[in-house]
Amino acid sequence: MENYKSPVYNVIAVPIEKVVANHYNPNLMALPEMKLLEISIWEDGYTMPCVCYYLKDNDRYELVDGFHRYLVMKTSERIYQRENGLLPVSIIDKDLSERMASTIRHNRARGVHSVELMSSIVSELTKAGMSDSWIMKNIGMDKDELLRLKQISGLAELFADKEFRLAEGWIEE
């Protein structure tokens, strides 16, 4: 890796209309923090690029990190105008499982996650053949957290498409 060059050294300006959110980001931000982020971007500009994967088939950039910075430009007319609708983006070229892991690594250091979405990601990674040790290493989980998330997602799958009824002879009191 002696010739490795970090993606941040190749930031490009991408029209916001070409950027799309991913389906697996579990990071949530409260309204006061979103307002603060909008103020921060207005006062300081974009100081960090969003991280995207380029989808060649439809000429779009799928977010890996930076959803809330992207959302600020989508919702703040003054920032959209000042930035000419261009979002600073650095590109990573990784498969879906690695992009999911990247999203989690980026987010865990600074945000909170929805348990439901995290369990969904664990389920998707498991179905993709990622081992428990891979998930723990790449997403920064300990074995107890992984087990809890697997139990949550597993329970949902166990009961999907099942018909439920009261046991024979059961009487409501």
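In the predicted model, Val-20 stands opposite Glu-62 in strand S5. These two residues belong to the pairing of strand S2 with S5 (residues 60–65), which is parallel and rests on two bridges. The pair forms one end of an open sheet of five strands, whose order is S1-S6-S4-S5-S2 and whose pairing is mixed. S1 and S2 (19–20) are the edge strands; each has a single partner strand, so one side of each has no neighbour in the sheet.

Further pairings involve strand S6 (residues 86–91). Strand S1 (residues 12–15) runs antiparallel to S6, and four bridges join them. Within S6, Leu-86 is the residue opposite Pro-15. Strand S4 (residues 50–55), in contrast, runs parallel to S6, with three bridges between them. Here Cys-50 has Val-89 of S6 as its bridge partner. In general, the strands of a sheet pair through backbone hydrogen bonds, in either the parallel or the antiparallel sense.

Helix H4 (residues 96–108) lies across S4 and S5 and runs at about 45 degrees to S5.

Nonpolar side chains in soluble globular proteins tend to be buried together. The largest nonpolar core of this model holds 18 residues, and those touching the most other members are Val-64, Met-118, Ile-121, Leu-125, Ile-135, Ile-139 and Met-141. Two or more residues each come from S4, H4, H5, helix H6 (132–139) and helix H7 (143–159). The greatest contribution, four residues, is that of H5. A second, separate core has 17 residues, including Leu-63, Tyr-70, Met-73 and Val-89. Val-89 is also the S6 residue that is bridged to Cys-50.

Two members of the largest core, Ile-121 and Leu-125, were examined in more detail. Ile-121 is part of helix H5, which spans residues 115–127. Its relative accessibility is 1%, and residues under 20% count as buried, so Ile-121 is classed as buried. Leaving aside residues up to four places away in sequence, Ile-121 touches Tyr-24, Pro-26, Met-100, Ile-104 and Ile-139. Lys-150 is 29 residues from Ile-121 along the chain, and the C-alpha atoms of the two are separated by 9.7 Å.

With the same exclusion of residues up to four places away in sequence, Leu-125 touches Ser-97, Met-100, Met-130, Trp-134, Ile-135 and Ile-139.

Notes
Residues numbered from 1 in each chain as written. Predicted model: local features only at pLDDT ≥ 70, side-chain atom pairs only at ≥ 80, totals over all residues. Heavy atoms only, no water. Buried < 20%, exposed > 50% of the residue type's maximum accessible area, 1.4 Å probe, protein only. Contact = heavy atoms within 4.5 Å. Pairing = 2+ DSSP bridges. Axes fitted to C-alpha atoms, helices over the stretch in contact; angles between N-to-C directions. Core = buried A, V, L, I, M, F, W, Y, C linked by side-chain atoms within 4.5 Å.
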